[in-house]
Amino acid sequence: MPDLRTPRNLLEKAGLPRPLALGYLALALFMIGDGVEQGYLSAFLTDQGFAAHHIAVMFTLYGVTAGISAWMAAALSDVFGPRRLMLAGAVVWVIFHALFVTLGVMDHSGALLLVCYGLRGFGYPLFAYGFLMWIVKTAQPARLGMAVGWFWFAYIAGFSTLSPLLAKASIAVIGPLPTLWAGLVVIAAGTALALAVRAPGGNRPVSKLDENPLRGLVNGVSVLWQEPKVAVAGLVRVINGVSQFGFPVFLPVYFTKSLGFPLGDWLTIYSVMYLVNLGANLLAGYWGDRYGITPVLRWMGCAGCAVTTVAFYYIPTATHSFWLSLLTGSLFCACLAGFSPMSALMPQIAPQRTGAAMAGLNLGAGLGTAAGPALVSLCLGPLGVAGVMWVFGACYALGAVLTLFLRVSSRTPVPAPDSGLPVS
């Protein structure tokens with residue numbers, strides 16, 4: 001069995017467990033395939049004649065199923081083992097993506113568009129968070145933070161940075177509909193790499209025999225009212241996702257249809273924004289260690305996003321400038337990184353129930369994937385794009401106020417989480 005406790009090469013010195021290294025690449029590829037359509041799907045479906053409200057509902061249903069799947073991933077990993085969970089996620093993704101494209105898009109069925117895309121939402125959390133549980137249960141505890149940090153690096157690099165670039169190149173060569181099929185190829189490559197990972201704990205349940213997965217799911221919810229600070233942190237985590245998951249519902253249409261940006265320019269903006277986010281995550285982690293997590297969360301994350309979200313509407317609208325739009329979007333994503341240290345905050349506010357607190361925070365993350373599209377669905381018609389951006393900005397302002405309730409009495413180190421899912 002590989003020894004994961006002593007760093008023996010450059011990968012492990014950088015905090016990346018060597019036996020799991022291939023899994024990080026698998027995760028990045030899978031998230032590229034999962035996110036390849038996010039930068040253009042709403043604009044493409046609008047061109048196909050689907051109503052904006054219908055598209056917003058589709059994204060909302062996707063967020064709901066993804067949230068449920070993310071919340072359940074830890075317990076399911078304990079039952080089936082991470083490798084089987086990752087394979088199950090890939091199978092779910094492939095089946096319902098194929099049905100979404102054929103029955104929903106090509107046959108122009110609004111009902112099947114909602115059903116198939118919504119059910120596809122169960123796929124990627126099983127794959128991604130299954131691998132995350134593999135990391136949590138396998139990596140050396142003293143280096144778990146870095147190992148999880150690399151997980152989020154691979155996740156964001158694939159989903160938000162490389163996938164728009166792949167979409168831009170693919171659309172230019174084969175068009176938007178074949179690009180949806182191209183995502184399957186990347187998903188298959190990522191799945192094949194994941195199955196090739198050889199590390200302890202992959203083929204069998206990694207939990208103790210007396211652990212009850214249903215109890216873990218219940219604890220991940222009950223902790224929200226038993227530990228009020230966890231509930232507040234969960235709500236802040238929901239707010240974290242409103243713009244991140246709400247933007248793809250309507251901004252591709254706004255930038256390409258209303259502002260007249262070429263689709264390729266919008267995809268470049270979207271990709272570079274999250275490239276900036278990658279570097280800003282490291283900076284936010286450093287500042288969190290130096291100045292405390294809550295101040296970084298309040299000022300960089302909540303207050304910063306409140307300002308830059310609104311600016312991301314007014315500056316592109318007033319100037320129609322590609323470069324100023326790129327700069328404003330990049331500032332938004334830099335501020336968004338202020339939320340990334342939240343998982344390190346949970347052991348401080350619930351030191352005796354760290355695992356349940358992590359599960360509760362992960363539930364908030366899942367709800368955030370639905371909250372953004374839901375707000376778009378509710379507000380876009382009556383308030384327009386400007387109104388939606390102000391609503392998002394107000395959510396972040398509320399988050400800044402909520403962080404006042406997340407003070408911790410001590411910044412002394414606490415043990416690594418015993419279970420549950422770390423959330424960036």
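Is Phe247 buried or exposed? Phe247 is buried, with a relative accessible area of 1%; buried means under 20% and exposed over 50%, with partly exposed in between, for a 1.4 Å probe and protein chains only.

Some housekeeping. This is a predicted model, where local features need pLDDT of at least 70 and side-chain atom pairs count only at pLDDT 80 or more, while totals for chains, interfaces and linings use all residues. Residues are numbered from 1 along each chain as its sequence is written, and side-chain values use heavy atoms, leaving out hydrogens and water.

Back to the ring. Phe247 pairs with Phe312: the ring centres are 5.8 Å apart and the planes at 55 degrees, so the pair is tilted. Pairing requires centres within 6.5 Å; planes under 30 degrees apart are stacked, over 60 edge-to-face, and the rest tilted. Phe247 sits in helix H11 (residues 228–258) and Phe312 in helix H13 (residues 293–319), 65 residues apart. Phe312 is also buried, again at 1%. The structure holds 29 aromatic pairs.

Next, a helix pair. H2 (residues 21–35) and H9 (residues 176–195) pack at about 165 degrees, with axes 7 Å apart. That makes H2 roughly antiparallel to H9, a label for angles over 145 degrees. Axes are lines fitted to C-alpha atoms over the stretch in contact, and angles run from 0 to 180 degrees between N-to-C directions. Helices are DSSP runs of H or I, at least four residues, numbered from the N terminus.

Residues of H2 in the contact (heavy atoms within 4.5 Å) include Leu25, Leu29 and Phe30; those of H9 include Val186, Ile187 and Leu193.

Conventions: Helices (H or I, at least four residues) and strands (E, at least two) are DSSP runs, numbered from the N terminus. Angles under 35 degrees count as roughly parallel, over 145 as roughly antiparallel, 65 to 115 as roughly perpendicular and the rest as oblique. Rings of Phe, Tyr and Trp (its six-membered ring) pair if their centres lie within 6.5 Å; planes under 30 degrees apart count as stacked, over 60 as edge-to-face and the rest as tilted.
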